[in-house]
Amino acid sequence: MIASRWTRVAGPALVTALLTAGLAGEPDPGGNTVTCSYAFGGLVSLSCGDPAIEARIRANALTPEEAKAIDCPPVLWDDDQSAAEILEAQDPAFADDQSTYPLRAPDPAVAARVNRAWDRIERWLAAHASATLRQLKLGADPEDLARWEATHSRRLPDDLYASYLRHDGTEDGSGAGFQLPPSYDLLGLFDIDDRNDSNCRSLVMWGDREGADPEHGKWHGSLLAIGSDGYSRDLFVEPRTGRVGEASWQEKLAYDGPMGWPSHVAMLEALAGALESGQPLRRWYPVVVAGCALRWAEHPVPLRPGCAGGPRPSPSP
C-alpha cells in the first residue's frame, strides 16, 4: 500500500499537474490536503476518501488505447467488472504452452563479440570473485527467446539476444549476485515485463502523456530493462538503436549519463576491460567484498586473496 497526498483545489489544471508529477511537491497553501492510498496487485484499488478526487484521478489516467500506443499495459481498476477477465487473459498461466515459435540466431559477428566479452568477464570472476561467478544464471532457453519475441511482436537487439543466450540474469542480486555499475542487478529475459509494468504504471495511472517518450520522456513501454537497483533506477536498452540508458523515478531518461553506452555489447566489452585492468568503468572501480562478491566503488581497493574458484558457467549452445 502506498500513500500519496493530493491537494483539493478548484482548478482542474493544478490537479492535472499534480497527477503528472506523481505529487512530488508540497500541497498548495490555499488548499486542503487529502491522502490517497493505492495498491497494485494486477487490479488497482484507489481510496482518497473523496469521490470527486478519485474520479479526477481515474479520468486523467491514460485510456487503454493510449496505454497500448506507448506499449504499456492499461490500468485495470478493481471495481471494473471486465477487468478481472482481462487480467486473467493476460496471465501467462493461461497461455497456450503447445504453441511453437521459429527459432533464430543472432548475427554471428555480434554474437562472437558478446561471447568474447563474457569469456573475459567469467575468467576474471573465476580468479577474483568466485561467489559472483556462481550466481550468474545459465543462458535463456532459445525457445523462451523466440516465444518472447513472437508474443510481443518485437525483435530484441542481436547483442542483447546473444547475451541472454549466455546468461539470463543473476540468481542473487542482494547478496553476491552479478551487478553492473554502480549497483544494478543483472536482469533476465522475464524481468523485462515486470520492470516495464512497474515503470509504465506511473505514466498510465497519472496520465503522464508527455513523459511517455523513449527519447526525452521518463519511460516508454518499448524500453528493455537489463538492470535494476531494486528501488527506483533501471538500466535499459532502447531497441530501435540498441543504446543503453538509465531511468530513474520521475526523472528524464539519460542516454549521456555515467552508464550510457552506444550498445549492450560495448558496455560488456568496457566492463571486461575494467575488470582486467583494475581501472574504473566510467567512475566506478571493480572491488571484491566479503564473501568474494564483485561490487563497484568510487575508489580502488586491493583485491581479496582466496576468492578464486569455480565452477565457471558453461555457455549456452
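Tutor: Start with a term: a residue is buried under 20% relative accessible area, exposed over 50%, and partly exposed in between (1.4 Å probe, protein chains only). This is a predicted model, in which local features need pLDDT of at least 70, side-chain atom pairs count only at pLDDT 80 or more, and totals for chains, interfaces and linings use all residues. Residues are numbered from 1 along each chain as its sequence is written, and side-chain values use heavy atoms, with hydrogens and water left out.

First, the setting. The protein has 317 residues, and 46% of them are buried. Its secondary structure comes to ten helices and ten strands. Both are DSSP runs numbered from the N terminus: helices are H or I, at least four residues, and strands are E, at least two.

Now the charges. Side chains of opposite charge can pair when their charged atoms come close. A salt bridge here puts a side-chain nitrogen of Lys or Arg within 4 Å of a carboxyl oxygen of Asp or Glu. The whole structure holds 16 of them.

Take Arg209 and Glu66. Their closest N and O atoms are 3.1 Å apart. Arg209 has 40% relative accessibility, so it counts as partly exposed. Glu66, at 29%, is partly exposed.

Next, Arg166 and Asp119. Here the closest N and O atoms are 2.5 Å apart. This pair also links distant parts of the chain: Arg166 belongs to helix H8 (residues 158-166) and Asp119 to helix H5 (residues 108-128), 47 residues apart. Arg166 is buried, because its relative accessibility is 3%. Asp119 is partly exposed at 25%.

Glu238 has a relative accessible area of 0%, so it is buried. Arg243 reaches 22% and counts as partly exposed.

Some charges form a group. Arg104, Glu149, Arg155 and Asp158 are linked in a network of salt bridges. Two of these names return around Leu156. Leaving aside neighbours within four places in sequence, Leu156 has contacts (heavy atoms within 4.5 Å) that include Arg104 and Glu149, along with Leu145, Trp148 and Tyr164.
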